[in-house]
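Dear colleague,

Please find the structure below, with the sequence alongside. My notes on helix packing, nonpolar cores and some individual residues follow it.

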Amino acid sequence: MSSRPTDLMIKCMASFIRDGDYVYHGLDSILPALAMVYAARYLKRDFVWHSVGESFMPDPARVAVRPSTGDPSMEPDPVGFFTTIDSFDIAAKGRMDLMFFGAAQVDESGNINLTAIGSYERPKVKLPGGAAAAYLFPLVRKIVVWARHEPRVLVHRVDFVTGSGEERLRRGLPLYLCTNRALIEFTREGPVLRSLLYGFTVDDVLKSASMRIAVPDRVGVIPPLSEEELRVISEADRGGLRYEEGYG
């Protein structure tokens, strides 16, 4: 059994994958890749797997995460290869159902920042940039952001809008956030707490964020992983690379 926040985040992210979905993950995406393994092997979801490594429909039972999720050897035995440019085309046609995005900052409108901390002209920290985030964020049907649950990450307003949550909400597109404390849904009225990760309280969630989070009458709990659930994830991550992300 595991109640480690990292494993609970993977379970949280996998819960958004549905039968028939077209699911895509980008670079630096060990947790999304493991969520896709968990969804395919444990939840028995039948979905289309595509990634920045350009593997198309690899064998989930043989996926083995690498330090770079752009390494094509991570996702072996694909039925073919689709380039990253193909993924942009699929999203533009409205056929990409789910994508996962990491973020250095997330704000109350669901905007994400992958560009700079501080001003854009004189940043305190220059981040790697959004790659295709600005383009894909308003197009993909469902987006799940994953981020560290800290006051400097979950903020009132991001320093720079790399991906526009405001535009997604204006279009009525779903937007969720899985942190190492909770599952949060962004609405036009602001972020709403939907579930706690096992072992955490509402106070833990509210005190560890600078953004205002609404708490409804009913809040779920994401339970610990069973031995079988943990085995499926660990077989794809024998070296425990997922824990090096620092989510606990």
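In these notes, a residue is buried under 20% relative accessible area, exposed over 50% and partly exposed in between, with a 1.4 Å probe and protein chains only. This is a predicted model, in which local features need pLDDT of at least 70 and side-chain atom pairs count only at pLDDT 80 or more, while totals for chains, interfaces and linings use all residues. Residues are numbered from 1 along each chain as its sequence is written, and side-chain values use heavy atoms, with hydrogens and water left out.

By that scale Glu-54 is partly exposed, because its relative accessible area is 28%. Glu-54 sits in the loop between β2 (48-51) and β3 (55-56); helices (H or I, at least four residues) and strands (E, at least two) are DSSP runs, numbered from the N terminus. The phi of Glu-54 is positive, near 75 degrees, in a residue other than glycine. Asp-28, also not a glycine, has a positive phi of about 50 degrees. Asp-28 belongs to the loop between β1 (22-25) and α2, and counts as exposed because its relative accessible area is 57%. For context, most residues other than glycine have a negative phi.

Turning to helix packing, α1 (residues 5-14) and α2 pack at an angle of about 65 degrees, with their axes 8 Å apart. Axes are lines fitted to C-alpha atoms, for helices over the stretch in contact, and angles run from 0 to 180 degrees between N-to-C directions. The crossing of α1 past α2 is right-handed, that is, the near helix is turned clockwise from the far one by less than a right angle. On the α1 side, Thr-6, Met-9, Ile-10, Lys-11, Met-13 and Ala-14 take part, meeting Leu-31, Pro-32, Leu-34, Ala-35, Tyr-38 and Ala-39 of α2 (contact means heavy atoms within 4.5 Å). These residues divide into 10 nonpolar, 1 polar and 1 charged; Ala, Val, Leu, Ile, Met, Phe, Trp, Tyr, Cys and Pro count as nonpolar, Asp, Glu, Lys and Arg as charged, and the others, Gly among them, as polar.

Helix α2 (residues 30-41) also packs against α7 (residues 227-235), at about 130 degrees and with the axes 9 Å apart. The two helices are therefore oblique to each other, given that angles under 35 degrees count as roughly parallel, over 145 as roughly antiparallel, 65 to 115 as roughly perpendicular and the rest as oblique. Here Leu-34, Val-37, Tyr-38 and Arg-41 in α2 meet Glu-229, Arg-231, Val-232, Ile-233 and Glu-235 in α7. This contact comprises 5 nonpolar, no polar and 4 charged residues.

A nonpolar core is a set of buried Ala, Val, Leu, Ile, Met, Phe, Trp, Tyr and Cys residues joined through side-chain atoms within 4.5 Å. The largest has 39 residues, and Met-13, Phe-16, Ile-17, Leu-31, Phe-47, Phe-100 and Val-144 touch the most other members. Two or more residues come from each of α1, α2, β5 (98-102), β10 (142-147), β11 and α7, and α2 gives the most, with 10. Leaving aside residues up to four places away in sequence, Met-13 touches Leu-31, Pro-32, Ala-35, Phe-100, Val-144, Trp-146 and Cys-178. A second, separate core of 35 residues includes Tyr-22, Val-140, Ala-147 and Leu-175.

Lastly, Pro-174 lies in the loop between α5 (165-171) and β11 (175-179) and is partly exposed, because its relative accessibility is 32%.

With kind regards
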